[in-house]
Amino acid sequence: MGLLDVVGPVMIGPSSSHTAGACRLALLARHARLTPPTRVTFTLHGSFAKTAQGHGTDVALVAGMLGLQPDDPKLPDAFDLAKEAGLDVVFDQADLGDVHPNTVRIVSAGEPGEGGEGETVSVTGSSIGGGLVRVFDVNGFGIDFTGASHTLLVRHEDRPGVIARVARVIADDEGNIATLHSARKRKGGDAMMSIEMDRRLSQVALDYLASVSYVHWLRMLPEVLSGDGVPEPDEDGQVHA
Amino acid sequence: MTFEEVLAFDGPASTYFLREELGADATPGTAEYEAFFAKLRDRLAAMRASIDAGLETDAKSRTGMVGWNAKGLHEAADRLDAPLLKRVQAYAMAVNEENARMGRIVAAPTAGSAGTLPGALIGVADHLELDDEALLLPLVTAAGVGDVISRTMFIAGSSGGCGAEIGPSAAMAAAAVTELQGGNAHAAMHGAALALVNTIGLVCDPVGGYVEVPCVSRNAFYAVHAVAAAQLALAGLESFIPPDEVVGAMASVGRLLPPELRETGEGGIADTPTGRRVALRMAKR
């Protein structure tokens, strides 16, 4: 945590963990998909479930899913904006197990489009205090990142050399890896890496990575703490991997 | 990083924290340094904007429980002849009433405790007619104190009750005011510890689950509390228990609190006949 995270964020009230943190988790979930979602289900756990309305958690989650940042003056109008955008919003409560009290699972789905972009993406994370967050599950893979850096998510086949290959591309792009987590569902099966780095990979490197054998899916998630450099979706609501 | 390391530093605490944050770039003129201070100025400007906005309006929050307190106090006669006290309280409540209205505020360290630091620091500075530039290094010290505390426990009412939100905010504010008035690292850290030790055990019991009651008035009280701690530290008084040990005690008491008293809105003043009525009324909406 940096000093500017302690005196900060600049945010729309009323709660850093329930509003700003919630917005950031949903913003990460939004950037884990390319196309705008048409339906999103927020499953709230613990304190998130108990005080969601009072702390504006519900509004903040919807705002993040629309690509808004925690200090956006439009945040309080997120429900109306979702309606305009054709986004169905569902809230649900569940015990997600032995996790932080402020935890949410965000499952978003879109209309099936070209190239399978109507995908369903699941992101589970916690708001751990002062607006800081931690994501520990993407699409059922137990990974770990904080949104304090730019994060590359790569789903790939669990084979020797794939991680090295991806790391090589990052190195060639002069990217610097801060943390790397890897999880697989079974030996030789599907695996996912979360790689936190100091800046976004270049588009050329991302395009190249997408064409690498055994890499099935990748997303470049923005750093969400400073609010600098979070890409806006284009006019069709697309973000770029 | 521990308070022990900061206490031993010969100079202002902000110098120590800036070196920790920026390393070799911790000197004016480097790109890193200038970028850091540009952001800090934005934070300070946003704090002041939230005070101004909050003092100007008496618009009610969504629940109707708060919204007019800051303006009411600000415009009231000073019957106790204590202008500093009145200003600090009004500023702190202004920020938290803005927060309750879903206005734009600076979490410091959290939104629920956002009024304490600007209430104390900007309140004292305006009382003494100091320029805003003089507040930047004290803000660094405030952030450093919060950073040290966060290494021992999560700063969130859900993890340690209000002691884990207003406690750090009051400690940050006490250190900032101490540095503003010339206190060195040793004095500022003891100011922080004196503030913190007197917040241990506070429960987080928001009525209806809303960050309004007791949060708004609590920020006014703990902004004054922070100024009082700075007063002692500037006079050379110290916390008998070393600052790091105070943080340890705060964390262990926070963990001992039952879940009902950690931001769930199910205990304390939230669990009174009036508190339960508010919760019911809002749930029906």
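**Entry 1: the four-stranded sheet**

I started with the open sheet of 4 strands in chain A of this predicted model, which has the order 8-9-7-10 with antiparallel pairing. I took helices (H or I, at least four residues) and strands (E, at least two) as DSSP runs, numbered from the N terminus. I counted two strands as paired if DSSP finds at least two bridges between them. Strand 8 (177-184) and strand 10 (215-221) of chain A are the edge strands, each pairing on one side only.

Next I followed strand 8 of chain A to strand 9 (residues 190-197) of chain A: they run antiparallel and 7 bridges join them. I found Ser182(A) opposite Met193(A) in strand 9 of chain A.

Which strands does helix 7 (residues 203-211) of chain A lie across? I see it across strand 7 (150-157) and strand 10 of chain A, at about 155 degrees to strand 10 of chain A. For such angles, axes are lines fitted to C-alpha atoms, for helices over the stretch in contact, and the values run from 0 to 180 degrees between N-to-C directions; contact means heavy atoms within 4.5 Å.

**Entry 2: the five-stranded sheet**

I then turned to an open sheet of 5 strands in chain A, order 3-2-4-5-6, with mixed pairing. Strand 3 (88-93) and strand 6 (132-138) of chain A each have a single partner strand, so one side of each has no neighbour in the sheet. The twist I noted averages 20 degrees from one strand to the next.

I looked at strand 4 (residues 102-109) of chain A from both sides. Strand 2 (residues 39-45) of chain A is joined to strand 4 of chain A by 7 bridges and runs antiparallel to it. On the other pairing, strand 4 and strand 5 of chain A are also antiparallel, over 7 bridges. Val104(A) in strand 4 of chain A is the bridge partner of Leu44(A), and Val104(A) also stands opposite Gly125(A) in strand 5 of chain A.

I found helix 2 of chain A lying across strand 2, strand 4, strand 5 and strand 6 of chain A, at about 150 degrees to strand 5 of chain A.

**Entry 3: where chain A meets chain B**

How many residues does each chain bring to the contact? I read 36 residues from chain A and 40 residues from chain B. The buried area, meaning accessible area (1.4 Å probe) lost on putting the two parts together and summed over both, is about 3,200 Å², with 61% given by carbon and sulfur atoms. Leu3(A), Leu4(A) and Val7(A) supply 24% of what chain A buries against chain B, more than any other three residues.

I checked for salt bridges (a side-chain nitrogen of Lys or Arg within 4 Å of a carboxyl oxygen of Asp or Glu), and the rule finds 1 across this interface. Arg104(B) and Asp71(A) meet in a salt bridge through their side chains, at 3.3 Å, N to O.

I also noted a strand pairing between the chains: strand 1 (10-12) of chain A pairs in the antiparallel sense with strand 1 (residues 104-106) of chain B over 3 bridges. There, Val10(A) has Val106(B) as its bridge partner.

**Entry 4: ground rules**

I number residues from 1 along each chain as its sequence is written, and chains are lettered from A and ligands numbered from 1 in the order in which they are written. As this is a predicted model, local features need pLDDT of at least 70 and side-chain atom pairs count only at pLDDT 80 or more, while totals for chains, interfaces and linings use all residues; side-chain values use heavy atoms, leaving out hydrogens and water.
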